[in-house]
Amino acid sequence: MIKVLIFIALVFALGFGFAWLADMPGDVAVTVGDQLIHVSLMVAAVGVVSIVAAIMLTWWIIRVVFTSPERLNRFFRARKRDRGYQSLSTGIIAAGSGDPATSRRMLKQAGGLLNETTEPLIQLLDAQTTLLEGKHGDARQKFEAMLEDPELRLLGLRGLYMEAQRLGDREAQKHYAEKAAELGPQLIWAGKAAIDLKTASGDWDGAIRLLEKQKAAKHVAREDADRKRAVLLTALAMDNAESDPAKSKQAALEAHRLAPGFAPAAVTAAEAAFRLNEMRRGVKVLETCWRKAPHPDVALAYVNARPGDSALDRLKRARRLEAIKPNTTESSLIVAQMALEAGEFEQARKSVAAVLRNEPRESAFMLMADIEDAETGDQGKVREWLSRAVRAARDPAWTADGIVAEKWAPFSPVTGRIDAFEWKVPVERTGALIENDLDPMVPGTPADAGPPADAEETVVPALPVVDAQPEPQADAASVKTIGEPVDLAARVEAAREERTRAAGDAPDETPAADTETAPESTGMDEDRGTEDKAKPAPAIETAAAAAASAAMANGKAGDNDPARAQAGTSQPPAEPAPAAPAADPPAKPADKPDVGVKADADSGEQAPLKPPIPDDPGVEDGEPDKPRRFRLF
C-alpha cells in the first residue's frame, strides 16, 4: 500500500513539474555549428528526457546481448536445481512412508540433478533408503561417513545410535548418545538416552548431573525433572544403604521432599533413619507418605520399625496407620495381618471382611485362609478360601513394560527407561471380580471336633456281599482330563433310571444288558449333600449307585464285571458271559464311551479301559467328515 502511495506521489510530482515548465515563459537557444536553434523551455525538457531514455535503452540492449549466454546458463541451472529439489522432496516423502522403490528412484534422479557434496539431504535420503531395503551394514557405513562432515555429524550420531539400539548394544548406545549430548546440548533425545544409559549402568551421580543440565537448559519440564531426580536419588540411597547410612538418608530424604507420595523413597529414608537410631524422624517420613498414598511397603516398614516389638505392639502400630488413613484397603489388610500374628482372630476377621466388601482381591482371600487355618484348622474352609483366591482379582504390583517385579527398580529391565515401574494391577493377569458367598465372621469346624450335634443320621442300605476280585490299580499319572466338563449328576440320574427300567421290565436279563449305561454312572459326585441321601429310594437303585461310586473311585466302571453287575441288579449269581474277541468288540454309541474293563487276549486278565477322547481320530463319532481339533498335552 505504501509503494502505491509513493508511485502516485511521483506521478503527481512529474505532472506538476511539466505543467510548471509549460507555463513558464522563455526559450532555450542551442548553437550547433553555424546554426542557432531557439526552442521553448518545454520542448527542451522533453528533448533531454528523450535523449536520456534512448541512451538507457541502448545500454540495456547491449548488455542483454553480451550477457545472454550467462543468463541462459543460469536459467537452465536453476531449472535443473528445482527439478532436483522436487525429486529430493518426493524421495524423502517416499522414505518416510516406507516406499523403498520410489525412494531409490527419486534418489537417482536427485543425484543426477544435484551435487551430492553440496546437498546433505541426498546423503540422508541415501541412508534412509538403504535402511528401508534392509541393508543395515551399508547404512551404518553411510552414517559413519557423515561423522566426517561437521554439518552432518549429529545426523550420523543419531543414525548410529538407532542402529545400536536395534542391535541391543548398550555400550555403543551410551557412546553415541553421550557424544551427541556433548556436541548438541539442545538435543532432547541425546540427553534422555544418556540418562537412561547411565542409569542402567548404575552411574547415579552422572545421571543426576546430566539431568540438572537439561533442567537448566529447560529441555525437561520442572515436574518431570523433579520426579526423575527423586527416582535417581532413591536408587543412590538404596545402593548406599549398607555402606553409608548417612549418605543414604540424605539422598532419600531429598527424594522424599521432591515426591512425598513415592513409597520407595519414603521406605528407604525411614530404614536409613532407623539404622542411625533416628526413630521419630523415620516414623514421621512413613506417616507423611502414608497420608499421601497408602502402600503395603510403607505399612510393613512402619509396623516393623523396632525389631524387638511384640505382636501386640505391631498391632497397635497398624491401628495407628488405620486411624491416619481409615476406610482404605491397605489399612484393613495390615491390621488384619498384624491381628493374625497377635492371635486376635476376631479383629482379623473384621478387617478382612471390610476388604471383601469393598475390594475383594487375592491377598484378602489368602489372608482369610491363613486365619481359618490358625484359628480352627478346618481344612475344608481353608480350601474354599484358597479356591476363591485363585479366581480373584490380582493385587497391585510393581509393573514395567509387561514385567512384574517383587521389588521396585529405578529403570525398566526391558528398555532401560527410567521411572518405568508403576504400582498397579498387572494388566495381563487381571482376574475377574467374583462374588464371595462365604461369611468371614463364621469360623469353620475345628480339626479335633466331631460332627455337629444336630446332624441328621443317614442310613445307607448295605450292599450285597459279592466275591471281591483283584483289579489292577490305574496309573494316576496316565489319567488326563481331556475335552469339555461332564455333568456327572445328570449321568448318575440317567443310570439310575435305566437300571430301574431294566430291573422292572426284564428281571431275567443278563448283567451285560447294563453295559451301555455303565459309563454314565462313573461320574457320581461325592458332594451331593444330605438331600439325596435323605430321600427314600429302592434298595436296588441305592446299591447300584453306590457300586457305581466305588467304581468311579477306583478309575473303573463295574458294570462290565459280572459280579458287580449282579450286585447292582440284585440278581442271583450267574455264570459270567464269555468275553468277546478282541478283534470284534461290541458296538457302542459314540456319545457313551466305555470306561469299564476289557479282557486281555493274551493273559486273560482284566485291565481298565480309559475313557476314549471325544476328539480322538480313532473314535467314530458319527461325523467322519467334520474337522477335528488338535489334541492338547
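This is a predicted model: local features need pLDDT of at least 70, side-chain atom pairs count only at pLDDT 80 or more; totals for chains, interfaces and linings use all residues.
**Overview**

The protein has 23 helices and 7 strands. Of its 633 residues, 34% are buried.

**Nonpolar cores**

The largest nonpolar core holds 89 residues, and within this core Leu286 and Val352 touch the most other members. Once neighbours within four places in sequence are left aside, Val352 is in contact with Ala336, Ala364, Leu367, Met368 and Ile371. Another core, of 7 residues, lies apart from the largest one; its members include Leu88, Ala95, Ala110 and Leu114.

**Helix H5**

Helix H5 covers residues 136–146, and Ala139, Phe143 and Met146 are buried in this helix. Where on the helix do the buried residues of H5 fall, seen down its axis? They lie within an arc of 50°, so they line one face of H5. The cover over these buried residues includes helix H4 (120–132) and helix H6 (153–167).

**Helices H12 and H14**

Two packed helices are described by the angle between their axes and the distance between the axes. For helix H12 (residues 263–275) and helix H14 (residues 296–303), the angle is about 15° and the axes are 9 Å apart. An angle under 35 degrees counts as roughly parallel, so H12 is roughly parallel to H14. The crossing of these two helices, H12 and H14, is left-handed. The table lists the residues that make the contact.

| Helix | Residues making the contact |
|---|---|
| H12 | Ala263, Val267 and Phe274 |
| H14 | Asp297, Val298 and Ala301 |

**Leu211 in helix H9**

Leu211 sits in helix H9, which runs over residues 204–216. Is Leu211 buried or exposed? Residues under 20% relative accessible area count as buried, and Leu211 has 3% relative accessibility, so Leu211 is buried.

Which residues are in contact with Leu211, leaving aside its neighbours within four places in sequence? They are Ile195, Ala225, Lys228, Arg229 and Leu232.

How values were computed
Residues are numbered from 1 along each chain as its sequence is written. Side-chain values use heavy atoms; hydrogens and water are left out. Buried means under 20% relative accessible area, exposed over 50%, partly exposed in between (1.4 Å probe, protein chains only). Helices (H or I, at least four residues) and strands (E, at least two) are DSSP runs, numbered from the N terminus. The arc is that of the directions from the helix axis to the C-beta atoms. Contact means heavy atoms within 4.5 Å. A nonpolar core is a set of buried Ala, Val, Leu, Ile, Met, Phe, Trp, Tyr and Cys residues joined through side-chain atoms within 4.5 Å. Axes are lines fitted to C-alpha atoms, for helices over the stretch in contact, and angles run from 0 to 180 degrees between N-to-C directions. Angles under 35 degrees count as roughly parallel, over 145 as roughly antiparallel, 65 to 115 as roughly perpendicular and the rest as oblique. A crossing is left-handed if the near helix is turned anticlockwise from the far one by less than a right angle, and right-handed if clockwise.
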